[in-house]
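Please open the model in your viewer and keep the sequence panel at hand. The stops below are given in the order in which they may be selected.

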Amino acid sequence: MESYTTIVPKKPTCQCCKYEVSENDSFCNNCGFPLNGTDEEKGKFIGRYLTQKNQKTEIDSQVKSARTTLFVVAGLTVLGGLLSGATDKGGDGGIILIASLIIAVIFCGLAFWSNKNPFGALLTGLIMYVSLLILGTIDNPLELMRGIIVKVIIISYMVKGVIGASKVRGRE
């Protein structure tokens with residue numbers, strides 16, 4: 001018994017994004033690649049496409065770092081609340097712990113919200129964090145200097161995330 005193999009012709013794909021295209025298309029319907037363009041036009045397009053793809057990857061990384069920072073701030077807030085509550089001699093330890101837990105939940109909520117609206121969530125988180133630092137400094141001016149390096153790192157990650165998210169927002 002003879003076996004026959006059917007050869008199915010391979011459908012054409014875009015050289016840039018590998019999206020399936022029609023032989024009649026002049027441009028890729030997915031990325032806009034000039035299918036019938038000159039080698040120079042194709043080269044320029046691929047250069048721009050790769051640059052944009054790298055920028056998007058960098059921006060996504062900044063937003064992800066800022067999101068992680070929101071979770072870190074939540075964790076540090078709980079830890080600070082536990083330590084402050086345990087060492088409080090004025091009897092306000094329970095109130096401090098509850099306030100810290102509420103603030104931590106808000107930061108966690110912002111981190112989760114940043115999946116849907118990175119700019120709004122990260123900007124809100126940055127404003128809230130800086131506001132809490134200001135309030136803490138008003139209450140106790142020495143508070144600003146405690147953990148200053150960690151505070152600067154947190155703010156820098158959040159600012160980078162807000163800037164990255166604003167770029168994403170501007171492209172939409």
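Begin with Glu 40, which counts as exposed because its relative accessible area is 53%; the classes used throughout are buried for under 20% relative accessible area, exposed for over 50% and partly exposed in between, with a 1.4 Å probe and protein chains only. The model is a predicted one, in which local features need pLDDT of at least 70, side-chain atom pairs count only at pLDDT 80 or more, and totals for chains, interfaces and linings use all residues. Residues are numbered from 1 along each chain as its sequence is written, and side-chain values use heavy atoms, with hydrogens and water left out.

**Salt bridges**

Glu 40 and Lys 44 form a salt bridge, with the closest N and O atoms 3.3 Å apart; the term denotes a side-chain nitrogen of Lys or Arg within 4 Å of a carboxyl oxygen of Asp or Glu. Both residues lie in helix α1, four residues apart, or about one turn of the helix. Helices here are DSSP runs (H or I, at least four residues), as strands are (E, at least two), and they are numbered from the N terminus.

How many salt bridges does a search of the whole structure find? There are three. For the next one, select Asp 60 and Lys 56, whose closest N and O atoms are 2.8 Å apart. This pair also lies in helix α1, with four residues, about one turn of the helix, between one position and the other. Asp 60 is partly exposed at 35% relative accessibility, and Lys 56 is likewise partly exposed, at 41%.

Then move to Arg 146 and Glu 143, a salt bridge with the closest N and O atoms 2.7 Å apart. Arg 146 has a relative accessible area of 48% and is therefore partly exposed; Glu 143, at 29%, is also partly exposed.

**Aromatic rings**

Return to helix α1, which spans residues 39-87, and select Phe 45 and Tyr 49, four residues apart. A pair of aromatic rings is described by the distance of the centres and the angle of the planes. Rings of Phe, Tyr and Trp (its six-membered ring) pair if their centres lie within 6.5 Å; planes under 30 degrees apart count as stacked, over 60 as edge-to-face and the rest as tilted. The structure holds three aromatic pairs. That of Phe 45 and Tyr 49 is stacked, at 6.2 Å centre to centre and 20 degrees between the planes. Is Phe 45 buried or exposed? At 12% relative accessibility, Phe 45 counts as buried, whereas Tyr 49, at 24%, is partly exposed.

Next, display Phe 71 and Phe 112. Their ring centres are 5.1 Å apart and their planes stand at 75 degrees, so this pair is edge-to-face. The pair links distant parts of the chain, since Phe 71 belongs to helix α1 and Phe 112 to helix α2 (residues 93-113), 41 residues apart. Phe 71 is partly exposed at 32% relative accessibility, and Phe 112 is exposed at 54%.

Select Cys 17 and Cys 28. The sulfur of Cys 17 is 3.7 Å from its closest cysteine sulfur, that of Cys 28, which is too far for a bond. With a disulfide taken as a pair of cysteine sulfur atoms within 2.5 Å, the count comes to zero. Cys 17 is buried at 19% relative accessibility, while Cys 108 is partly exposed at 26%.

Step on to Lys 18, in the segment before α1. Most residues other than glycine have a negative phi. Lys 18, although not a glycine, has a positive phi of about 65 degrees. Lys 18 is exposed, with a relative accessible area of 57%.

**A nonpolar patch, and confidence**

Show the surface of Leu 144, Met 145, Ile 148, Ile 149, Val 152, Ile 153 and Tyr 157, which make a nonpolar patch of about 650 Å². Patches are made of residues with over 30% relative accessible area and no salt bridge, like charges being joined within 9 Å and nonpolar side chains (Val, Leu, Ile, Met, Phe, Trp, Tyr) within 5 Å. Of these residues, Val 152 is found in helix α4 (residues 148-171).

To close, colour the model by pLDDT, the predictor's confidence in each residue, from 0 to 100. The protein averages 86, and 94% of the residues score at least 70. Among the elements, α4 has the lowest mean pLDDT (86), and helix α3 (residues 118-139) has the highest (93).

Methods: Areas by Shrake-Rupley, 256 points an atom, 1.4 Å probe, with all protein chains shown as cover.
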